[in-house]
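Q: Could we go through this structure together? I would like to start with the overall fold and then turn to the side chains.

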Amino acid sequence: MKSKKKITKTSIEQANGIRISYHEKVCQERMKTIFKVLDEMRKDVKELKADMNRGKGAAAIIILIGGLIGSIFYYFTK
């Protein structure tokens, strides 16, 4: 017959402690990765906002110049 190995409470606690510490290391690496990705996304969003503001400014200038040219053209053709 096979002899059964007695599992003591301390050996279970040690095994669980090892598993928990490994899990904490894995979670720590995941969190570092998540924070890094979030920082990159924040940077990208700021750049996109800056590009959109430049585009809005350019569109406003084009509309202003078009309005001036249209007004001058209308004045001289009337």
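A: The turns below take up the fold, the surface, the salt bridges and the aromatic rings.

Q: What kind of model is this?
A: This is a predicted model.

Q: How many helices and strands does the protein have?
A: The protein has 1 helix and 0 strands. The helix, H1, covers residues 9-77.

Q: What share of the residues is buried?
A: Buried residues make up 0% of the 78 residues in the protein. The cut-off behind that figure is a relative accessible area under 20%.

Q: Which residues make the nonpolar surface patch?
A: The patch is formed by Met 31, Ile 34, Phe 35, Val 37, Leu 38 and Met 41. Its area is about 540 Å².

Q: Take Phe 35 from that list. Where is its place?
A: Phe 35 is located in helix H1, which spans residues 9-77.

Q: Is Phe 35 buried or partly exposed?
A: Phe 35 has a relative accessible area of 48%, so the residue counts as partly exposed. The value lies between the limits of 20% for buried and 50% for exposed.

Q: Changing topic: how many salt bridges does the count come to?
A: The count comes to 3 salt bridges.

Q: Which side chain does Glu 29 meet in a salt bridge?
A: Glu 29 meets the side chain of Lys 32, with an N to O distance of 3.8 Å. Both residues belong to helix H1 and are 3 residues apart, about one turn of the helix.

Q: How accessible are Glu 29 and Lys 32?
A: Glu 29 is partly exposed at 46% relative accessible area. Lys 32 is also partly exposed, at 49%.

Q: Which side chain meets Asp 39 in a salt bridge?
A: That is Arg 42, at 3.2 Å from N to O. Asp 39 and Arg 42 both lie in helix H1, with a spacing of 3 residues, or about one turn of the helix.

Q: Are Asp 39 and Arg 42 exposed or only partly exposed?
A: Asp 39 is partly exposed, with a relative accessible area of 47%. Arg 42 has 52% relative accessibility and therefore counts as exposed, since the limit for that class is over 50%.

Q: What about the salt bridge of Arg 54?
A: Arg 54 and Asp 51 meet through their side chains at 3.1 Å, N to O. These two residues also lie in helix H1, 3 residues apart, about one turn of the helix. Arg 54 counts as exposed at 56% relative accessibility, whereas Asp 51 is partly exposed at 40%.

Q: Now the rings. How many aromatic pairs does a search of the whole structure find?
A: The search finds 1 aromatic pair. It consists of Tyr 75 and Phe 76, whose ring centres are 5.4 Å apart.

Q: Why is that pair called edge-to-face?
A: The ring planes of Tyr 75 and Phe 76 stand at 70 degrees, so the pair is edge-to-face. The cut-off for this class is an angle over 60 degrees.

Q: Are Tyr 75 and Phe 76 buried or exposed?
A: Tyr 75 counts as exposed, with 63% relative accessibility. Phe 76 counts as exposed as well, with 66%.

Note on methods. Residues are numbered from 1 along each chain as its sequence is written. This is a predicted model: local features need pLDDT of at least 70, side-chain atom pairs count only at pLDDT 80 or more; totals for chains, interfaces and linings use all residues. Side-chain values use heavy atoms; hydrogens and water are left out. Patches are made of residues with over 30% relative accessible area and no salt bridge: like charges are joined within 9 Å, nonpolar side chains (Val, Leu, Ile, Met, Phe, Trp, Tyr) within 5 Å. Accessible areas come from the Shrake-Rupley method with a 1.4 Å probe; for residues, only the protein chains shown count as cover. A salt bridge is a side-chain nitrogen of Lys or Arg within 4 Å of a carboxyl oxygen of Asp or Glu. Helices (H or I, at least four residues) and strands (E, at least two) are DSSP runs, numbered from the N terminus. Buried means under 20% relative accessible area, exposed over 50%, partly exposed in between (1.4 Å probe, protein chains only). Rings of Phe, Tyr and Trp (its six-membered ring) pair if their centres lie within 6.5 Å; planes under 30 degrees apart count as stacked, over 60 as edge-to-face and the rest as tilted.
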